[in-house]
2 protein chains.
Amino acid sequence: MNTISDVFSFNLARCGFLTTEDRISLDEAANKNVSNVRARSDLMCEGDRAQTVKVVLDGWVAAYKQLSDGHRQILALLLPGDMCAANAFVVERMDYSLGTLTPVRYAEIRREDFEELFENNSRILRAFWWKEMVTASIQREWTANVGQRLATARIAHLFCETHARLDCRNLARGNAIDFPLTQSDIGEATGLTAVHVNRCMQSLRAEKLVELRNRELILPNPERLRKIAMFDPAYLHA
Amino acid sequence: MNTISDVFSFNLARCGFLTTEDRISLDEAANKNVSNVRARSDLMCEGDRAQTVKVVLDGWVAAYKQLSDGHRQILALLLPGDMCAANAFVVERMDYSLGTLTPVRYAEIRREDFEELFENNSRILRAFWWKEMVTASIQREWTANVGQRLATARIAHLFCETHARLDCRNLARGNAIDFPLTQSDIGEATGLTAVHVNRCMQSLRAEKLVELRNRELILPNPERLRKIAMFDPAYLHA
DNA sequence: ACGCTACCATAACTTAAATCAGTTACAGGC
DNA sequence: GCCTGTAACTGATTTAAGTTATGGTAGCGT
């Protein structure tokens, strides 16, 4: 179904108004200029002038910000099908960085090709607008997550959300998903220290709510985890 | 310059590619169906199916989320010229609520009128896309703010950002701005308790970095405040 | 003039999470 | 086999922020 070559359009088509032709032209654009990078490298950094829009085809990317006091916050996880740095296409410069969490296969769409995509096709333009709204929605939830939930609920919420996001792309295996973040990555995504993440993970594990081994995450009791996480998937608009 | 009747287009025109005609049709749409509401009332609630897009013409609105454990997080401040609930136009339902902080004058743009605005005009559609990207950018900064900064820096950052956002709409008076949030609102916006906000405010006041009286905020030493706040305005794309 | 409410201020005390300073386990390279 | 690096884990201690509770004050209606 969702082969590696159509994750991009598959993901965008969730807005509901793209035609088959739209999808074909999107996937063509996303298969022209494909590169591979190793894990733990930066695709781009804050302040860079981005010339191309990047589409994650395989692997995980983290958007993050480094504060001047050294603290790092992971702002978002970009999963296969997600687009990044469309920002810099419309806006001057990157205001955050992109780092890979795994080896990543990604496409670069040049400005001109991007323009061509929605020249005379307002559906595609509207799909990008829609996608940006969903992105903002998720970001709002992250703000609330880090602002209001206690440590364990925060981590549980990250797990629930990531599972849901992968699931609607057919990238979940039942209650299991790939989950390449280390405990210190989880800390940076939730505004906690690695030490505290470790302790919370132990309690979640003891409660038989999560198993995380070899970069695979299993949620044996999603119902109860969602309750602890106060997870309501409405904001994902999936 | 920026009269009450053109805040909407003035704000959107910051993307740089709107024509005078575009601006006129935007302001026409935003002056058709104008209402007033008193302070501390909800424009709409999580779960509502929004039929109209709302444009703040005067006053302040807060976007917020209520968690199932009762905790409330203010997610964003909507200032004159800002648009809200465009979400629900593209997406099914509101995933957050909108509450007024002051008496508010706002316009409602109906679905049809909204459609008409970018029927045959991709510039306006792209302006909305651009605006949504800026919104997402600000939301990312809020995530980092709440996730990584210490209490005093968080509050300082909120002040710096709000001043900058008002300033670029010509709504600042030098170092002074309107600031209708109570200390407990500030707490909800920064993920802190009102008590702790009070302590931080006292230290900021003692350091002669902020004065807040009668809903007016004065930043006597913006340079030093920005440093404490680790505020870099790049993400505002102003 | 009275009480009511909203907001700001404060003190005493508790708690969640950070910090510091490690240990253990394991995988890859030589 | 050993070295190296990364990730997971632990315990002692400190600190930032939360909680509870209460006092003060300004504005408002009656």
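Tutor: A salt bridge is a side-chain nitrogen of Lys or Arg within 4 Å of a carboxyl oxygen of Asp or Glu. This is a predicted model, where local features need pLDDT of at least 70, side-chain atom pairs count only at pLDDT 80 or more, and totals for chains, interfaces and linings use all residues. Residues are numbered from 1 along each chain as its sequence is written, chains are lettered from A and ligands numbered from 1 in the order in which they are written, and side-chain values use heavy atoms, with hydrogens and water left out.

Student: How many salt bridges are there over all chains?

Tutor: The rule just stated pairs Lys or Arg nitrogens with Asp or Glu oxygens. Applied over all chains, the count is 38.

Student: Which helices do Asp22(B) and Arg123(B) lie in?

Tutor: These two residues form a salt bridge, with the closest N and O atoms 2.6 Å apart. Helices are DSSP runs (H or I, at least four residues), numbered from the N terminus. The pair links distant parts of chain B, 101 residues apart: Asp22(B) is in helix H2 (residues 20-29) and Arg123(B) in helix H5 (residues 122-148).

Student: Is Asp22(B) buried or exposed?

Tutor: Buried means under 20% relative accessible area, exposed over 50%, and partly exposed in between (1.4 Å probe, protein chains only). Asp22(B) has 2% relative accessibility, so Asp22(B) counts as buried.

Student: Which residue forms a salt bridge with Glu112(B)?

Tutor: Glu112(B) is partly exposed at 45% relative accessibility. The closest N and O atoms are 3.0 Å apart, and the partner is Arg110(B).

Student: Which element gives the largest share of the surface near DNA strand D?

Tutor: A residue is near a strand if one of its heavy atoms lies within 4 Å of it. There are 16 residues around DNA strand D, with Gln183(A) and Thr193(B) among those that come nearest. The largest share, five residues, comes from H8(A).

Student: What lies 2.9 Å from a polar side-chain atom of Gln183(A)?

Tutor: A polar contact is a pair of N or O atoms within 3.5 Å. In one such contact, a polar side-chain atom of Arg199(A) lies 3.5 Å from a base nitrogen of DNA strand D. For Gln183(A), at 2.9 Å, the atom is a phosphate oxygen of DNA strand D.

Key:
Helix = DSSP H or I, 4+ residues; strand = E, 2+ residues; numbered from the N terminus. Polar contact = N/O pair within 3.5 Å; in protein donor to acceptor, adjacent residues only side chain to side chain.
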